[in-house]
Amino acid sequence: MLFRQLEYLVALARERHFARAAQACHVSQPALSEALRKLEDELAVTLVRRGRSYEGLTPEGERIVLRAQRILADRDALRDEVDALRTGLAGRLRIGSVPTASGAVPLLTGPFCAAHPLASVELSTDLRSDELLRQVRNFEIDAGITYLPGPGTGSTGGTSGTGSTGGTGGTSGTGGAEGIDGLRTLPLYEERYVLLTGPADELARHPRATWAEASRLPLCLLEPGMQGRRVLDGVFAGLGLAPAPSVETDSVASLFAHVRTGRWASIVPYAWLHVFGVPRGMRAVPLAEPVHSAPIGLVTAAREPGSVMARALLEVARRTDVAAVLDTLPEA
């Protein structure tokens with residue numbers, strides 16, 4: 001059995017197409033198919049359902065591809081470990097983030113790159129929370145920044161306190177809530193929310209706005225399938241409110257572009273304002289009644305010793321007080 005054969009199997013499971021898998025592995029389709037047939041012969045089991053085209057993995061193939069992902073991840077971790085001992089940490093750190101947490105990512109990648117100048121970062125900031133966790137589990141990324149289990153992250157409308165959990169004080173765990181089992185989590189900060197509205201709106205002159213008041217405005221929000229939107233819907237539902245946004249989008253940039261026109265208001269996390277600022281001609285008003293927060297944290301695979309890249313990022317995260325930076329509201 002060769003690593004190359006396992007790479008082909010993992011690529012086929014990911015791409016679900018022989019030609020695309022071959023292209024991803026930089027080989028011809030016949031070479032990939034023949035290598036997989038040899039792997040099946042060696043294991044004495046059929047891994048791939050074949051017809052005129054790819055029809056999926058067999059149950060045995062589904063189980064073996066999970067083993068293959070772990071073996072390849074351990075191989076890569078071993079290489080990184082040896083390189084780090086020889087020349088210092090090098091290679092590529094792969095991070096995923098849900099869109100609402102994208103503003104916090106540079107607070108970790110900055111000190112990481114400063115501490116490890118030979119390393120580079122590959123970043124995806126538009127992942128849904130379930131897809132992010134899947135990629136961490138399948139070793140497609142080294143770490144993710146996403147919502148953690150806790151009050152306010154579900155769909156029941158519960159609220160959590162206003163306190164922040166800094167990167168220096170979080171303790172890692174193995175999860176225990178649905179979607180986090182088998183992963184290590186490190187709390188980074190509490191996502192809190194502000195109302196973005198035009199200066200002519202009466203709420204713009206108030207030190208606080210209520211969620212009920214915000215629900216009556218023409219809103220532009222993330223689309224309902226995104227976790228950030230589900231958090232907001234949970235708060236509204238808990239108050240017996242059901243606002244009907246005028247515009248829904250899956251893009252943070254598009255949301256801010258709509259708000260900037262002055263025609264719509266929005267509800268956004270504090271962290272976004274540290275990246276985009278308060279749009280010109282708009283006001284950022286903290287939301288109260290209730291004051292709501294949702295925990296955001298760093299998620300890595302719980303296996304030991306694990307990825308050397310993930311360990312290095314965890315060390316940076318434990319030294320960085322992300323919450324202290326994101327706790328203040330930027331000036332308009």
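Phe-139 is found in the loop between helix H6 (129-137) and strand S5 (143-147), where helices (H or I, at least four residues) and strands (E, at least two) are DSSP runs numbered from the N terminus. The structure is a predicted model, in which local features need pLDDT of at least 70 and side-chain atom pairs count only at pLDDT 80 or more, while totals for chains, interfaces and linings use all residues. Residues are numbered from 1 along each chain as its sequence is written, and side-chain values use heavy atoms, with hydrogens and water left out.

Although Phe-139 is not a glycine, its phi is positive, at about 65°. Most residues other than glycine have a negative phi, and most peptide bonds are trans. Phe-139 is buried because its relative accessible area is 17%; buried means under 20% relative accessible area, exposed over 50%, and partly exposed in between (1.4 Å probe, protein chains only).

A positive phi also occurs at Glu-289, near 50°. Glu-289 lies in the loop between S11 and S12, and with a relative accessibility of 61% it counts as exposed. The peptide bond that leads from Glu-289 to Pro-290 is cis, with omega near 5°. Pro-290 is found in the loop between strand S11 (283-288) and strand S12 (293-301).

In the chain as a whole there are 12 helices and 12 strands. Of its 332 residues, 49% are buried. Among the contacts (heavy atoms within 4.5 Å) with a separation of 6 or more, 74% are between residues 24 or more positions apart.

Helix H1 (residues 3-15) contains 13 residues, and the distance from its first C-alpha to its last is 18 Å, close to the 18 Å expected at 1.5 Å a residue. The expected span is 1.5 Å times one less than the number of residues in the helix. The buried residues of H1 include Gln-5, Leu-6, Tyr-8 and Leu-9. Arg-16, which follows H1, has a positive phi near 55°.

Helix H5 (residues 106-115) packs against helix H11 (residues 308-319) at an angle of about 110°, with the axes 9 Å apart. Axes are lines fitted to C-alpha atoms, for helices over the stretch in contact, and angles run from 0 to 180 degrees between N-to-C directions. H5 and H11 are therefore roughly perpendicular to each other, a term for angles of 65 to 115 degrees (under 35 is roughly parallel, over 145 roughly antiparallel, and the rest oblique). In this pair, Leu-108, Pro-111 and Phe-112 of H5 meet Met-309, Ala-312, Leu-313, Val-316 and Ala-317 of H11. By class, the contact of H5 with H11 comprises eight nonpolar, no polar and no charged residues. Ala, Val, Leu, Ile, Met, Phe, Trp, Tyr, Cys and Pro count as nonpolar, Asp, Glu, Lys and Arg as charged, and the others, Gly among them, as polar.

Two further residues were examined. Thr-197 lies in strand S6 (residues 183-197) and is buried, with a relative accessible area of 4%. When residues up to four places away in sequence are not counted, Thr-197 touches Ala-204, Leu-217, Ala-265, Met-282 and Arg-283. His-258 is placed in helix H9 (residues 252-260) and counts as partly exposed, at 24% relative accessibility. Leaving aside neighbours within four places in sequence, His-258 is in contact with Cys-220, Val-247 and Trp-264. His-258 and Val-247 are 11 residues apart in sequence and 8.5 Å apart in space, C-alpha to C-alpha.
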